[in-house]
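Subject: Structure handover

Hi,

Here is the structure for you to look over. My notes on what turned up follow below.

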Amino acid sequence: MSDKLKALNAQGYARIKAEGDIIRLDAAEHITEKTKDLFLVVDRIVTKDDEDFFNRLADAIQTAFFEGKGECFIESLSSASSNKEMRHFSNKFELDGITFLEPNVHLFSFNNPYGACPKCEGYGDVIGIDDDLVIPNTALSVYENAIFPWRGESMSWYRDQLVNNSHHFNFPIHKPYFELSEAHKSLIWNGNKYFEGLHTFFAELESKAYKIQNRVMLSRYRGKTKCKVCHGKRLRPEANYVKISGATLTDLVEMPLDRLSLRFKQLELNAHDHTIAKRLLTEINNRLSFLSNVGLDYLTLNRKSNTLSGGESQRINLATSLGSSLVGSMYILDEPSIGLHPKDTERLILVLKALRDLGNTVIVVEHDEDIMKEADEIIDIGP
Ligand SMILES: [Zn+2]
């Protein structure tokens with residue numbers, strides 16, 4: 001008997017389960033390190049519906065988690081043999097072989113090192129080989145040299161490997177690149193046994209970067225490229241295991257606001273979750289509806305601010321300040337209608353009125369006639 005079993009015996013455990021049989025520890029001489037399916041039997045309890053039973057059960061489970069380093073099995077030994085089942089429990093926070101830290105608010109922020117993708121540090125882009133430089137003209141087919149680094153005499157060998165072997169794996173070499181399926185596009189990068197993909201190609205260049213022509217070649221195709229770890233989503237992969245009715249945070253921020261707000265309105269929660277989420281949902285729904293009321297419901301939440309038009313960013317600022325939904329506050333807005341389409345001005349008026357109806361005072365400095373007409377009071381200042 002191994003030292004480990006002796007130690008367990010000394011701790012007061014009486015039985016183990018080895019290869020399906022329950023045996024006493026003092027009769028376990030034949031058990032060695034090599035014996036498979038070994039379980040320590042912590043307790044065997046007849047189920048009852050009284051306090052003693054539940055106390056003993058709780059003790060046993062706690063001990064099992066301790067001895068099992070976070071894992072425990074419960075086996076039903078019901079006399080009906082078809083009913084025997086063994087269920088596995090784990091009190092570790094893990095899935096798919098990833099052990100998670102307890103989730104907290106920082107896990108969902110790419111501005112925080114805790115939540116940011118470790119590869120791109122939350123930027124979504126890394127410096128690497130830029131797809132758009134490698135295949136700048138997607139209207140060309142592979143045959144027509146869509147893959148730029150593989151044109152020219154010295155590198156055409158790589159292209160020829162793909163073209164000449166394409167019949168082995170049904171690759172449409174005459175199809176324009178932009179019409180290729182995602183599988184075919186990624187095949188060009190990953191290669192197969194018939195040809196070397198672009199990843200291998202560039203790795204080879206890098207491994208011989210002491211050659212000046214390789215360095216020139218690499219520099220020509222290097223640029224900002226989407227991070228391969230988070231696929232440009234900026235969060236560490238663990239964050240995507242947390243889902244709200246099946247959608248991850250990155251799924252949600254990639255939805256246009258009209259679809260996103262519909263999703264939150266239709267969100268079904270049980271009573272417990274509802275109590276927890278109530279305040280948050282109110283805030284989320286308010287903010288989404290403010291953004292849509294100022295005419296921005298075609299945007300997604302992950303749009304980078306430097307890609308917005310002037311009018312769009314103004315309206316976002318407006319929605320941000322309106323979205324805080326304070327009651328009994330005074331809002332002073334300086335020409336909020338600037339840059340707005342007349343149709344959006346109407347919606348803006350509705351927003352301002354909604355704020356008033358919540359119990360706020362809204363003061364607007366404005367030259368727009370439509371907004372002035374809707375005011376409860378107008379103060380005209382000046383000559
Ligand atoms: Zn990343």
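A nonpolar core here is a set of buried Ala, Val, Leu, Ile, Met, Phe, Trp, Tyr and Cys residues joined through side-chain atoms within 4.5 Å. Buried means under 20% relative accessible area. Note that the model is predicted.

**Core**

The largest nonpolar core has 28 residues. Val 134, Ile 147, Phe 171, Leu 198, Phe 201 and Phe 202 have the most contacts inside it. Helix 6 supplies the largest share, 4 residues.

**Salt bridges**

There are 16 salt bridges in the structure. In general, side chains of opposite charge can pair when their charged atoms come close.

Take Arg 287 and Glu 283. Their closest N and O atoms are 2.8 Å apart, in a salt bridge. Both residues sit in helix 10 (residues 271-293); they are 4 residues apart, so about one helical turn separates them. Arg 287 is partly exposed, at 43% relative accessibility. Glu 283 is also partly exposed, at 25%.

Now Arg 356. Its side chain meets that of Asp 357 in a salt bridge, 3.0 Å from N to O. A salt bridge also forms between Arg 356 and Asp 376, at 2.9 Å from N to O. Salt bridges with shared partners join Arg 356, Asp 357 and Asp 376 into one network. How exposed are the three? Asp 376 has a relative accessible area of 59%, so it counts as exposed. Asp 357 is exposed too, at 57%. Arg 356 is partly exposed, at 32%.

**Surface patches**

Asp 49, Asp 50, Glu 51 and Asp 52 gather in a surface patch of negative charge. One of them, Asp 50, is in the loop between strand 3 (38-41) and helix 2 (51-67). Asp 50 is partly exposed, with 33% relative accessibility.

There is a nonpolar patch as well. Met 330, Ile 332 and Ile 363 make it, and it covers about 310 Å² of surface. Ile 332 belongs to strand 12 (residues 330-334). At 58% relative accessibility, Ile 332 is exposed.

**Positive phi**

Which residues other than glycine have a positive phi? Asn 170 is one, with phi near 50°. Arg 234 is another, with phi of about 75°. Asn 170 lies in the loop between helix 4 and helix 5. Arg 234 is in the loop between strand 9 (222-226) and strand 10 (243-244). Is each buried or exposed? Asn 170 is exposed, at 67% relative accessibility. Arg 234 has a relative accessible area of 18%; the cut-off for buried is under 20%, so Arg 234 is buried.

**One more contact**

Asp 370 is in helix 13 (residues 369-374). The C-alpha atoms of Asp 370 and Pro 342 are 8.8 Å apart, while the two residues are 28 residues apart along the chain. Asp 370 is partly exposed, with a relative accessible area of 42%.

Best wishes

How values were computed. Residues numbered from 1 in each chain as written. Predicted model: local features only at pLDDT ≥ 70, side-chain atom pairs only at ≥ 80, totals over all residues. Heavy atoms only, no water. Patch = residues over 30% accessible without salt bridge, like charges linked within 9 Å, V, L, I, M, F, W, Y side chains within 5 Å. Areas by Shrake-Rupley, 256 points an atom, 1.4 Å probe, with all protein chains shown as cover. Salt bridge = Lys/Arg side-chain N within 4 Å of Asp/Glu carboxyl O. Lys, Arg positive; Asp, Glu negative; His and termini not counted. Charge placed at Lys NZ, Arg CZ, Asp CG, Glu CD. Helix = DSSP H or I, 4+ residues; strand = E, 2+ residues; numbered from the N terminus. Buried < 20%, exposed > 50% of the residue type's maximum accessible area, 1.4 Å probe, protein only.
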